[in-house]
Amino acid sequence: MLDPSTPSGETSPCLEPREEILSLWRAFDSLSFESRSRALRLGEIIPVVSGGPYRPDGEIAVVLDGCLLLDDGKRGTHCGVAAAGDLIDIAGGSPGLWLTDGSLYRAPVAAFCREAGEDGVQFLLAGGLKRLKSMEARLRCAMSHGSISRVASFLLDIHRATGGFEIALSQSNIGALLSLRRSSINQACQSLRAAGALRTVRGRILLKDEAILASVACCHYRPQSPAFAEAIAAETA
């Protein structure tokens, strides 16, 4: 159990994940100091391993460290990337796959609400609404943007969640997650390679230029670079 009597928190003598406790404290920053202190004592920190599945179990779950790729639970379609501080389960969430090693905080919903009070309930409602809006935004992107923009946004989401430039997914993996045909994902990656944004090796994507990716990514990553204007126009023609 956690005992965050101070913002840095404390754990058992055998494990002192100070950065994890700070991430957790920041994730609940809308609660009062007293509410956070009481509520966070109820939870536990669980280590996670790259390549391992994530299955929501009806509790509160917050990513403390690492990168989690969420899917819709039906076809394995991408519906978001969760990183440190993200609330991913509130009595029901999306399953997913851990792209990196990391850690997860879990706590019972009823006990959390009892300890955190009305502030805690409002926090969970706001977190659920934020996750729903994120999934709706992903759906709008899938309907309104071409493959180049969607692939660029997806890669940037992972890069900014992990801080790394190597993504352990193949082109076919990414195509399946974004519901893109093989020809579309190949064309998108070829265009991004030619522009110097990335390099592909067996089963991995190596990012080379974040600015190029951002210039063609959809929605929140734009404005668009003139360098890709023709490619995107041709793709949507």
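The buried residues of helix H6 are Ser184, Ile185, Ala188, Cys189, Ser191 and Leu192, where buried means under 20% relative accessible area, exposed over 50%, and partly exposed in between, with a 1.4 Å probe and protein chains only. Seen down the axis of H6, these residues fall within an arc of 160°, so they line one face of the helix; the arc is that of the directions from the helix axis to the C-beta atoms. An α-helix has 3.6 residues a turn, so residues three or four places apart point the same way. The face turned away from the buried side carries the exposed residues Arg182, Gln190 and Ala194.

The model is predicted: local features need pLDDT of at least 70, side-chain atom pairs count only at pLDDT 80 or more, and totals for chains, interfaces and linings use all residues. Residues are numbered from 1 along each chain as its sequence is written, and side-chain values use heavy atoms, with hydrogens and water left out.

H6 has 13 residues and reaches 18 Å from its first C-alpha to its last, close to the 18 Å expected at 1.5 Å a residue; the expected span is 1.5 Å times one less than the number of residues. Just after H6, Gly196 takes a positive phi of about 85°. The cover over the buried residues of H6 includes H4, H5, strand S10 (198-201) and H7, contact being heavy atoms within 4.5 Å.

The largest nonpolar core has 32 residues, and Phe154 and Leu155 have the most contacts inside it. Such a core is a set of buried Ala, Val, Leu, Ile, Met, Phe, Trp, Tyr and Cys residues joined through side-chain atoms within 4.5 Å. Helices (H or I, at least four residues) and strands (E, at least two) are DSSP runs, numbered from the N terminus.

Leaving aside its neighbours within four places in sequence, Phe154 is in contact with Leu69, His78, Leu169, Ile174, Leu177 and Leu178.

Ile21 belongs to helix H1 (residues 18-27) and, at 5% relative accessibility, counts as buried. The C-alpha atoms of Ile21 and Leu40 are separated by 9.7 Å.
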